[in-house]
Structure formats: C-alpha cells, structure tokens
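User: I have a model open and want to know what stands behind the words used to describe it. Please set each value against its definition.

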Amino acid sequence: MPNILLTESIAFELGASEPWPEDVRLYQPYETEQILINDIAASLTVKAFMKMCGLQIQVEMRGNAEDMSPNGKLPFIKCGQFVIADLDPIVSFVFSKGISLTDHLDASQKADMRAYMSLVNNILGNAELYVSWLDNSTFTEITKPRYGSVYPWPLKHVLTWQKQRQIKKRLTAFGWAQKSLDEVYNEVDNCCHALSERLGNKKFFFNDRPTELDALVFGHVFTLLTTSMPENSLASIVRSHSGLIALVKTIEDRYFKDPEVTRT
C-alpha cells in the first residue's frame with residue numbers, strides 16, 4: 001500500500017515549484033448575515049498576510065464554507081489542485097513557493113514571533129469563541145441567528161446546538177469554559193498589554209517590516225474594534241492600548257485601501 005502522507009508531501013512539493021496562480025480563491029462564510037467574530041478575525045488575518053506578501057486572491061463567500069474546508073477550519077484557500085486551511089499551513093504553503101515575511105529574522109526572533117502568535121491564538125482566539133458561544137446574551141442575539149441563517153428549520157437549531165457543544169468541549173479542554181466573563185476580559189487586557197510591550201514604539205513588531213504576527217494581531221484587533229456586539233467591553237479594552245491601534249491603522253492604510261475582489 002502506498003504511503004499516503006508521503007504521496008501528499010511529494011504532490012505538495014511539486015505544486016510549490018509552480019508560480020502563484022492568478023485565480024487563487026479564499027473561501028469564507030457570508031459576511032452580512034452569517035460569519036461570526038472568530039471567523040472574521042481568521043479571514044482578515046489571511047487576507048492581510050496575502051497582501052503583505054503581494055499575492056492576489058479572490059474572496060468567495062459560501063454558506064457551507066465550513067463543510068467545504070478540508071479540516072473544518074476557516075478560512076481556506078484553493079490554489080490550483082491544493083486546498084489549504086488555517087493560517088499556519090497557508091504560511092507554509094506560501095513559503096514553499098519562495099515567499100516569506102520572515103527572511104530578515106534570525107532563529108531567536110522567529111521563535112519569539114511564534115510565541116506571541118501562540119499567545120494571540122490562545123487568548124484572543126479563545127476569548128472570541130467564549131463570547132460568541134458561551135455568553136448568553138451574545139449567543140442569543142448574535143451567534144444563534146447568524147450561524148443558523150443559511151440552514152432550514154429545524155436543521156439550523158440542530159447544527160447550532162452541535163457547534164455550541166463542540167466549542168464548549170474545546171474551551172473546557174483549555175480551561176476557558178469555567179471562566180467568568182470578567183476573567184475573560186482580564187485575559188484579553190493582559191494579552192493586549194503584553195503585545196503592546198513587545199511592539200513598543202515600532203511600526204511593526206519586528207522593526208519596519210511586517211510579519212505574519214502583524215497580520216494575526218491586525219486580524220483580531222481590527223475585528224474586535226469594528227464588530228457590533230451586545231456590549232462593547234472587548235472593543236473598549238483593545239482601544240485602551242494605543243500602540244495596537246496605531247499598528248491597525250498602519251496596516252489598514254498600507255494594505256486595505258484598494259477594494260478586494262469578492263464573489264458570492
């Protein structure tokens with residue numbers, strides 16, 4: 001029996017030798033009526049990373065984007081015969097084509113960058129999931145109607161209930177389901193403080209050139225600032241960290257002035 005992982009690895013390497021196509025698509029849920037805050041942040045992160053790399057993508061919105069994803073994670077991109085989901089695998093795929101945002105960093109700086117990316121994912125990512133799925137007011141007013149909006153009754157209720165169970169199980173494993181809302185807010189504030197300390201007065205986290213850490217922080221911070229929620233505590237916390245606000249403005253002004261290509 002052939003080694004499937006080896007076969008996929010060889011195919012991945014062969015595909016990496018090809019130039020970046022012009023018709024690469026990024027798939028995400030519908031923005032107006034469906035997508036939730038954590039997926040907004042994840043999609044914006046990948047869009048920012050692609051723009052920083054100078055790579056063109058077309059955004060495709062699909063009601064079943066989560067089911068289309070090879071591992072259930074969003075967003076995902078389709079590049080030729082390859083379908084890659086989540087930021088880290090996408091960064092690796094782009095790197096395999098000879099494109100990197102970290103070639104100016106030494107090994108110690110790269111390890112530092114990965115540590116802060118883990119902090120953002122573990123704190124801001126889990127906080128977004130907690131507020132969306134475990135906070136009753138946000139779940140009732142935002143999450144439940146949006147997540148089920150593309151499905152017929154009674155499927156919308158069943159799938160929303162299943163997703164809530166899945167998220168609660170994940171947050172329980174990470175010790176987040178037991179937290180109070182105030183404790184979640186405190187975690188977010190501490191995370192933003194640590195990021196602000198690392199950023200200092202620099203334009204980006206590593207001097208004058210952005211990395212995937214800058215894209216990740218931009219995706220989460222911009223989303224927390226601009227997404228309408230039943231109450232604005234997360235936005236208020238983020239807004240109190242002026243260095244992060246300056247970073248978001250720099251990235252928005254530099255990379256998001258031109259309208260993106262979107263298809264539904």
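User: Why is Thr-143 called buried?

Analyst: Buried means under 20% relative accessible area, exposed means over 50%, and partly exposed lies in between, with a 1.4 Å probe and protein chains only. Thr-143 has 0% relative accessibility, so it counts as buried. This is a predicted model, in which local features need pLDDT of at least 70 and side-chain atom pairs count only at pLDDT 80 or more, while totals for chains, interfaces and linings use all residues. Residues are numbered from 1 along each chain as its sequence is written, and side-chain values use heavy atoms, with hydrogens and water left out.

User: Where is Thr-143 found, and what does Thr-143 touch?

Analyst: Thr-143 is in helix H6, residues 136-147. Helices (H or I, at least four residues) and strands (E, at least two) are DSSP runs, numbered from the N terminus. A contact means heavy atoms within 4.5 Å. Leaving out residues up to four places away in sequence, Thr-143 touches Leu-36, Ser-132, Trp-133 and Thr-138. Gln-34 is 109 residues from Thr-143 along the chain, with 8.7 Å between their C-alpha atoms.

User: How confident is the predictor in this chain, by pLDDT?

Analyst: pLDDT is the predictor's confidence in each residue, from 0 to 100. The chain averages 91, and 91% of the residues score at least 70. Over residues 1-12, however, the pLDDT is below 50, and this stretch has four contacts in the model beyond near neighbours in sequence. Where pLDDT is low, the predicted coordinates should not be read in detail.

User: What makes H2 mostly covered?

Analyst: Of the 17 residues of H2, 14 are buried. Just after H2, Gly-54 takes a positive phi of about 75 degrees.

User: What is the largest nonpolar core, and which residues touch the most other members?

Analyst: A nonpolar core is a set of buried Ala, Val, Leu, Ile, Met, Phe, Trp, Tyr and Cys residues joined through side-chain atoms within 4.5 Å. The largest has 68 residues, and Trp-20, Phe-49, Met-50, Phe-205 and Val-217 touch the most other members. H5 gives the largest share of this core, eleven residues. A second, separate core of five residues includes Tyr-27, Ala-65, Phe-76 and Ala-85.

User: Why is Val-24 called buried, and where is its place?

Analyst: Val-24 has 0% relative accessibility, so it counts as buried. Its place is in the loop between helix H1 (4-16) and S1. Apart from neighbours within four places in sequence, Val-24 is in contact with Gln-56, Ile-57, Gln-58, Ile-77, Lys-78 and Cys-79.

User: Why is Asp-86 called partly exposed?

Analyst: Its relative accessible area is 27%, so Asp-86 falls in the partly exposed class. Asp-86 is in the loop between strand S4 (82-85) and helix H4 (87-96). Although not a glycine, Asp-86 has a positive phi of about 80 degrees.

User: Which class does Asn-207 fall in, buried, partly exposed or exposed?

Analyst: With a relative accessible area of 47%, Asn-207 is partly exposed. Asn-207 is not a glycine either, and has a positive phi of about 70 degrees. Most residues other than glycine have a negative phi, and most peptide bonds are trans.

User: Which peptide bonds are cis, going by omega?

Analyst: The bond from Leu-74 to Pro-75 is cis, with omega near -5 degrees. Another cis bond joins Trp-153 and Pro-154, where omega is about 5 degrees.
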